[in-house]
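Reader: I'd like to go over a structure with you. Can you put it up?

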Amino acid sequence: MCLAVPGKVVRLKDLDMADVEIGGVETEVGLQLVSDVKVGEYVLVHAGYAINKIDEEGAKEMMKLFEEIGELDEIAKLRENDEIS
Amino acid sequence: MRYLSEYRDPTIAKKLIEDIKKISKKPVKFMEVCGTHTVSISKNGIRQVLPENISLLSGPGCPVCVTANGDIDKAIAIAEAPGVIFTTFGDMMKVPGSYSSLSEKSADGADIRVVYSTLDALKIAKNNPDKKVVFFAVGFETTAPTIALSILEAERQGIKNYFIYSVHKMVPPAMAALLNLGEVKLDGFICPGHVSAIIGSKPYEFIARDHKISCVIAGFEPIDILQSISMLVKQVENGEAKVEIGYKRGVSSLGNTKAQEVMKKVFEACDAEWRGIGVIPESGLSLRTNFEGFDASKIFDVDVPPTKEHLGCSCGEILRGVKLPYDCKLFGKACTPENPIGPCMVSTEGSCAAYYRYGEVVDGV
Ligand code: SF4
């Protein structure tokens, strides 16, 4: 439950929000806990917020790991089923 | 060692295991405090490749598992209050309280919704101004700052119908409480990676200093964990006790100071009840008085019957490292992930679920 997953910042939005691609799915993520994030950079995402910046190579390798654990699938499923309304 | 290609390299794993075997002489007990570590250790069969003198115990590192029955009962009562939309992380749905679970109440018609983050809960509050939206705030230091932000955001946007029911807990006080109980003699802690991404390595220093117990912060790959074990073994064999970071790509010694500030602004430490351990002073997080208006425990005056523990469930002892899942008579018989009796079988990061899923065979502690 305290697992954080890496994602790539696709778009910066108002109010410290950004669209972040996690496991092929774009998700809106809060950037309030990190500083100076730019489009194309990678962040560690936990419960809807970026909790740290990470470098690209590290992020890509971590993504492979989390895909295996199935965590990314779970997030994608939750989004696709639109259980959040 | 930084990247996965190396974490996965079997020759590195083999070398680490050989190193551990070579240097490890004393019988030692290490506790992994993080549920995600428990899963990784079980999944990768790490216990089985270690020399016999090294035992790994799972500790109170799954926020779902350590939530006290009484807190679940109260959450359920709030979820049933009129005009409430109750929001929660999915992991909490099936956890049995004394008499029922959120999932059962949802089937009975209570408006309970699974969310991925507090951002979603806030959206629900905005879209349903005539309802009271309560978020079940469960988690350790990794999650607490994200929930603190939701309070600040609700305040900024003037959202008056958003509340949290906080059962937040902090990891280092629980580690100290276990040592003070003295039931298991531990030699080292494998410290949680993502809790430490927020708090850094400093909050563990008193454990090394005052309790003379070695601490290594670990990542989640099998090689991360093996490397942390070898670092712990080296400390023990050298007669040292210090805090080391084995997960440098995620953790710095100071942690995420911005997140710490947000947390401090919104929450203050309070005594909290942990399943199986009891009340640990200053181990929880409650909303500061200036945010009281968001505190579901103050807003909802719910009455719950006395709590009832599940007969025969050993979750409490497992969370204290006194028993292993196999020591529970119900394990795999009356209690399975399909029909869980205790939270350690419900949560994907619970020890019982991890042992069940990966069929771990371990000798007694
Ligand atoms: S096997 Fe089930 S009943 Fe036994 S300790 Fe684990 S969760 Fe509790």
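Reader: What is the handedness of the crossing of α3(B) and α18(B)?
Author: The crossing is right-handed. Bear in mind that this is a predicted model.

Reader: Which residues are those helices, and at what angle do the axes cross?
Author: In chain B, helix α3 covers residues 35-43 and helix α18 covers residues 351-358. Their axes come within 9 Å and cross at roughly 20°. Angles under 35 degrees count as roughly parallel, so α3(B) is roughly parallel to α18(B).

Reader: What about α9(B) and α14(B), left-handed or right-handed?
Author: α9(B) passes α14(B) in a left-handed crossing. Helix α9 is residues 144-156 of chain B, and helix α14 is residues 257-266 of chain B. The axes come within 8 Å and cross at roughly 60°. That makes α9(B) oblique to α14(B).

Reader: Switching to the ligand. Which residues are around it?
Author: Among them are Cys313(B), Cys315(B), Cys328(B), Cys335(B) and Cys352(B). The list also includes Ser314(B), Ile318(B), Leu330(B), Phe331(B), Gly342(B) and Met345(B).

Reader: How does that shell divide into nonpolar, polar and charged?
Author: The shell has 10 nonpolar residues, 2 polar and no charged.

Reader: And what is the space taken by the ligand?
Author: That space is the largest cavity.

Terms used. Residues numbered from 1 in each chain as written. Chains lettered and ligands numbered in written order. Predicted model: local features only at pLDDT ≥ 70, side-chain atom pairs only at ≥ 80, totals over all residues. Heavy atoms only, no water. Near = heavy atom within 4 Å. 1 Å grid on protein atoms, 1.4 Å probe; cavity = no way out; pocket = protein on both sides within 12 Å on 5 of 7 lines; lining within 4 Å. Sits in = over half its atoms within 2 Å of the grid points. Nonpolar A, V, L, I, M, F, W, Y, C, P; charged D, E, K, R; others polar. Axes fitted to C-alpha atoms, helices over the stretch in contact; angles between N-to-C directions. Helix = DSSP H or I, 4+ residues; strand = E, 2+ residues; numbered from the N terminus. Parallel < 35°, antiparallel > 145°, perpendicular 65-115°, else oblique. Left-handed = near helix turned anticlockwise from the far one by under 90°.
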